[in-house]
Structure formats: C-alpha cells, structure tokens
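Hello,

Here is the structure I promised to pass on.

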Amino acid sequence: GTPRPTLFWAYPREFKDAKAAGQVKGSKHRFVSAHWASPIHWAAKGWVIMDDFSLPVIGEGESQPNDTFIEQIVSGSTAAV
C-alpha cells in the first residue's frame with residue numbers, strides 16, 4: 001500500500017494504578033463536527049486517523065504518572081501502530 005500521513009487523535013489520561021486505567025469513560029453518543037481541527041476534516045483529505053485510542057499514563061506506588069510520561073506515551077503510540 002501507499003504510505004499515508006497519519007494523525008493520532010488521542011488525549012493521554014493519568015492514573016495512579018493499572019486497575020483505574022482499565023475503566024471505561026465517556027459516551028458513544030457524541031455530536032460530530034467537521035471543522036478544520038476535527039479528525040473528519042483530515043480523513044476527508046486522505047489522512048489516516050487513529051481516533052480516540054486508549055493512551056493511559058500510569059504511576060503506581062511512589063511514582064507519579066508524569067515521572068515516565070514520555071516513555072509511556074511513546075510506548076502506547078508505538079503499540080497502536
């Protein structure tokens with residue numbers, strides 16, 4: 001296949017343990033708009049969109065989520081690909 005530009009459309013969420021990170025949040029009943037910052041806009045232009053995938057950042061025990069934030073974001077994004 002032809003390589004396409006890809007947009008990761010996710011917001012990392014911070015948790016103090018893995019159990020809390022596994023909880024489902026949000027609603028499947030959302031209004032979709034196609035403004036320039038919308039993933040629909042970019043999909044219509046031929047981009048691949050990784051939309052709203054799970055990207056938890058966990059800090060268990062004495063560590064805080066931000067202690068390894070970059071490593072966890074890179075790991076989660078790599079796993080999504």
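Let me start with the contacts: of those in the chain with a separation of 6 or more, 69% are between residues 24 or more positions apart, where contact means heavy atoms within 4.5 Å. This is a predicted model, in which local features need pLDDT of at least 70 and side-chain atom pairs count only at pLDDT 80 or more, while totals for chains, interfaces and linings use all residues. Residues are numbered from 1 along each chain as its sequence is written, and side-chain values use heavy atoms, with hydrogens and water left out.

The chain has three helices and four strands, in the order β-β-α-α-β-β-α along the sequence. Helices (H or I, at least four residues) and strands (E, at least two) are DSSP runs, numbered from the N terminus.

Phe53 sits in the loop between strand 3 (48-51) and strand 4 (56-58), and Leu55 lies in the loop between strand 3 and strand 4. Phe53 counts as buried because its relative accessibility is 16%, and Leu55 is buried at 9%; buried means under 20% relative accessible area, exposed over 50%, partly exposed in between (1.4 Å probe, protein chains only).

Leaving aside residues up to four places away in sequence, Phe53 touches Phe8, Trp9, Ala10, Gly76 and Ala80.

Best wishes
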